[in-house]
Amino acid sequence: MSVYESHLASAEQAAWPLDATIAWDAIDVALARREEHILAALHDAALIEGYLPVFAPRLMQLLWDDLDVTAVLSLELYEGLRHYTALKRYLRAVGFEPAVVSEERMIAARERALAEQREPGSPIAELTNFACSELFAAYFFLRLSRETREPVLRQLLEHMARDEFRHAAAGADLLAKRVRLDPGAADEILRSAQSFRHYGSDVVDVPLATTNDFEAIAAMNRMIRQACGVSPTQHIQERLNARSI
Ligand SMILES: [Fe+2]
């Protein structure tokens, strides 16, 4: 079976239709508005999710000859659209400056990303960046779900965190496939993970992940170790040891 098929099946099983799953009418607006910093973080997340139709096709063009990659990115686009819509709907429901997730604002964010577009890295480097970004997004939503007191938002964030963990798992499987096909790919994956940069920083100033997000960093180490057989921190240690011999 192709790598992507199990992820397609998981996505189908895990689908949470926005209207049927989220109790939009039960949002505690007063409580939500007291959590201004969380609303600001949701706004950034909405811009990042809404950037996927620009980001994912670029990655697809780079990796067009790997059908598993294009399938996983197709799922990412669809589920990212659900996240974008859910975040926008929530922010509007609580009256958080409706204009901030307007179509004009979204297009301005995409313009910024296109204007500052960097040369793409190698296919493996970009794939590693994608997998790591998804994992950090999962921890970002998870952290906010633990922090918020607003029950509808907590439910929404838990759904989105679970989706991002699935996306990261799909990314990890794509990396593992590369290593199976060419064991030499592991070294490039490890090097890329060490210098990973969240793709959300193309559109927002403050990336989803904080540099001291130790829970996410530990999870990234585990994910890369599963794909490569060695973790980024072990890899750095081995290189340091080799230098000191
Ligand atoms: Fe995602």
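These questions and answers concern a predicted model.

Colleague: How many residues does helix H7 have, and what does it reach from its first C-alpha to its last?

Modeller: H7 runs over residues 103-115, which is 13 residues. At 1.5 Å a residue, the expected reach is 18 Å. The model comes close to that, and H7 reaches 18 Å.

Colleague: Which residues of H7 are buried, and what arc do they cover around the axis?

Modeller: The buried residues are Met 106, Ala 109 and Ala 113. They lie on the same side of H7, because the arc they cover around the axis is only 60°.

Colleague: Which exposed residues does the face of H7 turned away from its buried side carry?

Modeller: Take the buried side first: Met 106, Ala 109 and Ala 113 are buried in H7. The face turned away from that side carries exposed residues. They are Glu 103, Glu 104, Ile 107, Ala 108, Glu 111, Leu 114 and Ala 115.

Colleague: Which helices do the buried residues of H7 pack against?

Modeller: Met 106, Ala 109 and Ala 113 are the buried residues here. Their packing partners are two helices, spanning 36-49 and 52-62. These are H4 and H5.

Colleague: Is Leu 135 buried or exposed?

Modeller: Leu 135 sits in helix H8. The cut-off for a buried residue is 20 or more other C-beta atoms within 10 Å. Leu 135 has 26 C-beta neighbours inside 10 Å, so it counts as buried.

Colleague: Which residues in H11 does H8 meet, and at what angle do the axes cross?

Modeller: From H8, the residues involved are Ala 131, Cys 132, Leu 135, Phe 136 and Tyr 139. In H11 they meet Glu 215, Ala 216, Ala 219, Met 220 and Met 223. The crossing is right-handed. The axes come within 9 Å and cross at roughly 140°.

Colleague: Which residues is His 159 in contact with, leaving aside its neighbours within four places in sequence?

Modeller: His 159 belongs to helix H9. It is buried, with 20 other C-beta atoms within 10 Å. Trp 16 is 143 residues away along the chain, yet the C-alpha atoms of His 159 and Trp 16 are separated by 7.8 Å. Beyond its sequence neighbours within four places, the contacts of His 159 are Trp 16 and Thr 21.

Notes
Residues numbered from 1 in each chain as written. Predicted model: local features only at pLDDT ≥ 70, side-chain atom pairs only at ≥ 80, totals over all residues. Helix = DSSP H or I, 4+ residues; strand = E, 2+ residues; numbered from the N terminus. Expected span 1.5 Å × (residues − 1). Buried ≥ 20, exposed ≤ 12 C-beta atoms within 10 Å, placed from the backbone. Arc of directions from axis to C-beta. Contact = placed C-beta atoms within 7 Å. Axes fitted to C-alpha atoms, helices over the stretch in contact; angles between N-to-C directions. Left-handed = near helix turned anticlockwise from the far one by under 90°.
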